[in-house]
Amino acid sequence: MGEQSPLKPLSSLFLLLLTLLTTTVESRLTTDFYSKSCPRFLDIVRDTISDKQITHPTTAAAVIRLFFHDCFPNGCDASILVSSTAFNVAERDSSINLSLPGDGFDVIVRAKTALELACPQTVSCSDIISVATRDLLVTVGGPYYPVHLGRRDSRTSKASLLADLLPLPSSPMAKTIRQFESRGFTVQEMVALSGAHSIGFSHCKEFVGLVGRNSTGYNPRFAQALKKACSSYPKDPTISVFNDIMTPNKFDNMYFQNIPKGLGLLESDHGLYSDPRTRPFVDLYARDQDRFFKDFAKAMQKLSLYGVKTGRRGEVRRRCDAIN
């Protein structure tokens, strides 16, 4: 009685080591990394993403999702962009990534093409993703945060390395929390990052089975509307619904206001409110958008530094979809 579990000091030690590692990585990266080698880097990315967002308003959500699917499993290294070959099934072709919107891939390729003309083989694809994500977030009303640069791109991309590393909409909250904590993210940071669902959409296959069940947390009228919207889903699997039905194209805290009202779209959204570990943060962000923006920006910056490669551990690809 009164003895401390051996897991707690080990967990604390892990988080301390991860913090030290993140600090070390951040010291290698700088916000002005390309000031001399490619002085127009930020302008080129900004021009490219602005043009794309104007013509395809879902681009911001697509790139934010691409960023998460690249960084969260094995670090921010642009491995998600690599195309499969006859000898290798790449990350982008794993089952969990097949639904990633094409606009996300397209705008990164456009930015890379423009940068290769201006500064050949200088800017990494992983740095492009990180800056494009931040800039697109700002264009839809989200918070600004500094992005440290100098990442290198991965030399490998294998779908087999993604097994069970990305949270699924249907995953139990306990498992999702473990996945985040194993990467050094707190429960509060996990909830803040979930706020990315403020924009974008989800395909009916992600939630249509849940809508038909009883006691799932859906507002009854919302559930009926979802059933109607997805009625043709078996014939057309591309049918989708906005994650936030109130302000679908604006990054704000409405996503968190929706959840307690039964207007969450995915099982994971409802899980945030039903789990006592996450519910207080949903309530916090629902009533305080400034706090949500502050915490989201810090969590995104932290995620952008997760598992990055520098120096000889990576490369600067000539094309984002192929290993040099």
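Author: Happy to! A salt bridge here is a side-chain nitrogen of Lys or Arg within 4 Å of a carboxyl oxygen of Asp or Glu. By that rule, the interface of domain 1 and domain 2 holds 1 salt bridge. Asp164 and Lys175 also pair their side chains in a salt bridge, at 2.7 Å from N to O. Please keep in mind that this is a predicted model, where local features need pLDDT of at least 70, side-chain atom pairs count only at pLDDT 80 or more, and totals for chains, interfaces and linings use all residues. Residues are numbered from 1 along each chain as its sequence is written, and side-chain values use heavy atoms, with hydrogens and water left out.

Domain 1 brings 17 residues to the contact and domain 2 brings 16, where contact means heavy atoms within 4.5 Å.

About 1400 Å² is buried between the two domains, 69% of it from carbon and sulfur atoms; buried area is the accessible area (1.4 Å probe) that two parts lose on being put together, summed over both. On the domain 1 side, Phe72, Val140 and Pro143 lose the most area to domain 2, together 34% of what that side buries.
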